[in-house]
Amino acid sequence: MSCDAETEQAIVIRARRDADLDEAATALVAVHAADSYPVEGVDDPRGWLSPKGLIQAWVAEADSRIVGHVAISQAQAEEAVSLYREQAHTEAQVGVLARLFVMPQARKRAVGERLVRAAVEYAHTNDLRLVLDVMTKDKAAIRLYERMGWQSIGDASHAYGEGQQMRAVCYVSPAE
């Protein structure tokens, strides 16, 4: 077995449990320190990881340590939801993929891709179409979504903090 295959097997993607929140919050703060992502939420990382309307969340584990996270939330007033519904001319069930991060030491191991695939599989099983917005500064995330077949549906402004804004691109998940 190659070293890459051993590394791949060491990553476990599973549903997040309440007991994971403290460790996931600590990981989020570390990611923020390394990448300035997210631009909000590090003052209350547990709260940020469990947004209003949370449907499901997953974690990635390596050596029994949380090294990544992703979640699906119910559609609220996100611009990506409006863009998708306008373009698709549908009122279909929409979920928002959010709260994706991977610890720096776990990168280059397909952790982000595996987390996104878990969310997409859940969405397909539950007749949800996923949308998201990603800030243009987060180039690696944009490359990930596009490599996985997500389609750009327009631009948005990501508002955060006290009147701060950053340009974002909105995406919709592949149909199948």
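W58 is buried, at 8% relative accessibility, where buried means under 20% relative accessible area, exposed over 50% and partly exposed in between (1.4 Å probe, protein chains only). This is a predicted model, so local features need pLDDT of at least 70 and side-chain atom pairs count only at pLDDT 80 or more, while totals for chains, interfaces and linings use all residues. Residues are numbered from 1 along each chain as its sequence is written, and side-chain values use heavy atoms, leaving out hydrogens and water.

**Aromatic pairs**

- Rings of Phe, Tyr and Trp (its six-membered ring) pair if their centres lie within 6.5 Å; planes under 30 degrees apart are stacked, over 60 edge-to-face, and the rest tilted. That rule gives four aromatic pairs here.
- One of them is Y37 with W48, edge-to-face at 6.2 Å centre to centre and 80° between the planes. Y37 sits in the loop between helix 2 (21–35) and helix 3 (45–49), and W48 is in helix 3, eleven residues apart; helices (H or I, at least four residues) and strands (E, at least two) are DSSP runs, numbered from the N terminus.
- Y37 is buried at 18% relative accessible area, and W48 is buried at 8%.
- Y122 is partly exposed, with a relative accessible area of 23%.
- Y145, W150 and Y171 are linked into a cluster by ring pairs.

**Two arginines**

- R99 has its charged end over the ring of W48, 4.3 Å from the ring centre. The test is NZ of Lys or CZ of Arg within 6 Å of the ring centre and within 35 degrees of the ring normal.
- R14, found in strand 1 (residues 11–15), is buried at 14% relative accessibility.
- Beyond its neighbours within four places in sequence, R14 is in contact (heavy atoms within 4.5 Å) with D20, A57, W58, V59 and E61.

**Helix 6**

- Which residues of helix 6 (residues 139–147) are buried? They are I142, L144 and Y145.
- Down the helix axis, these buried residues fall within an arc of 160°, so they line one face of helix 6; the arc is that of the directions from the helix axis to the C-beta atoms.
- The face turned away from the buried side carries the exposed residues K139, A140, R143 and R147.
- Cover for the buried residues of helix 6 includes strand 4 (94–102), helix 5, strand 5 (129–135) and strand 7 (164–172).
- After helix 6 comes G149, with a positive phi near 90°.
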